[in-house]
Amino acid sequence: MLTTTFLALAVLGCGYIVLAAFLGHLTDVGGDSHGHHDGAGADFHFPLFSPLALATLFSALGGYGLIAKYAFDLDDWRSLAVAFPSALITAWGVAYAAFRIMRGARGTSSLKTTAFEGASGEVLTSIPAGGIGEIAAIVEGQRITGPARHEAGTPIAQGAAVTVVRMVGSTFLVRLP
């Protein structure tokens, strides 16, 4: 009976993991275990009730149970005694590795508007008198392009160097250096 249980856990757990690989986040109905997605939390918290964590736990429990029972010829209780802690460690390790990978891949494109002040830029599309053109500016090591106008409303030719005075909405307010 225990062999059937180990086999069922291994097959169902692995099946869910394969299904999740193809369906992505649609299978992770547990979502964020803390109820927020702001990216602010950098601490690792084991997602105990995440479907993928449970699938990893079940498949590892089934796999380790079968290995303990048949490769090491342990009886039912000893195979459970080996399989359960091994499965917990494996599930925690997989979840931790996934957390590290996702944390490293997390990025943001948001910059504070004060970061733009004083940035050097170049006019990509000439700025007509009283109108809007386009510039490229280097802000915190990133090349940012966007609409721009001269702070006094005077025209600026394409290729001219400019300095960002501030942001007005999503438009760069610039001056000549």
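Analyst: One term before we start: helices (H or I, at least four residues) and strands (E, at least two) are DSSP runs, numbered from the N terminus. Also keep in mind that this is a predicted model.

User: OK. Where does Asp73 sit, then?

Analyst: Asp73 is in the loop between helix H2, residues 51-71, and helix H3, residues 76-105.

User: What is its backbone doing there, I mean the phi of Asp73?

Analyst: The phi of Asp73 is positive, about 55°, although the residue is not a glycine. That positive phi comes just after H2.

User: Is Asp73 buried or exposed?

Analyst: Asp73 counts as exposed because its relative accessibility is 66%, and the cut-off for exposed is over 50%.

User: Which residues of H2 are buried?

Analyst: Among them are Pro51, Ala53, Leu57, Leu61, Gly65 and Ala68. Lys69 is on that list too.

User: What is Lys69 in contact with, leaving aside its neighbours within four places in sequence?

Analyst: With those neighbours left out, Lys69 is in contact with Thr3, Leu74, Asp76 and Ser79.

User: And which side chain does Lys69 meet in a salt bridge?

Analyst: The side chain of Asp76, at 2.4 Å from N to O. Asp76 is partly exposed, at 33% relative accessible area, whereas Lys69 is buried.

User: How many salt bridges does the structure hold?

Analyst: There are 2. One of them is Lys69 with Asp76. Arg78 also forms a salt bridge, with Asp75, and the closest N and O atoms there are 3.6 Å apart.

User: Change of topic: the strands. What do they make, and in which order do they run?

Analyst: They make a closed barrel of 5 strands, in the order S1-S2-S3-S5-S4, with mixed pairing. From one strand to the next, the twist averages 55°.

User: In which sense do S3 and S5 pair, parallel or antiparallel?

Analyst: Parallel: strand S3 (residues 142-150) and strand S5 (residues 171-175) pair over 3 bridges. Ala148 stands opposite Phe172 in S5, and His150 has Val174 in S5 as its bridge partner.

User: And S4 with S5, parallel or antiparallel?

Analyst: Strand S4, residues 161-168, pairs with S5 in the antiparallel sense, over 5 bridges. One example is Thr163, whose bridge partner in S5 is Arg175.

User: How many residues are there between S4 and S5 in their hairpin?

Analyst: The hairpin has 2 residues between S4 and S5. Gly169, in the turn, has a positive phi of about 65°.

User: How many residues of S5 are buried?

Analyst: S5 is mostly covered, with 4 of its 5 residues buried.

User: One more: where is Thr145, and what is its relative accessible area?

Analyst: Thr145 is in strand S3. It is partly exposed, with a relative accessible area of 38%.

User: Which residues does Thr145 contact, beyond neighbours within four places in sequence?

Analyst: Leaving those neighbours aside, Thr145 is in contact with Leu124, Glu134, Ile135, Ala136 and Phe172.

User: How far apart are Thr145 and Val123?

Analyst: Thr145 and Val123 are 22 residues apart in sequence, and their C-alpha atoms are 9.5 Å apart in space.

Key:
Residues numbered from 1 in each chain as written. Predicted model: local features only at pLDDT ≥ 70, side-chain atom pairs only at ≥ 80, totals over all residues. Heavy atoms only, no water. Pairing = 2+ DSSP bridges. Axes fitted to C-alpha atoms, helices over the stretch in contact; angles between N-to-C directions. Buried < 20%, exposed > 50% of the residue type's maximum accessible area, 1.4 Å probe, protein only. Contact = heavy atoms within 4.5 Å. Salt bridge = Lys/Arg side-chain N within 4 Å of Asp/Glu carboxyl O.
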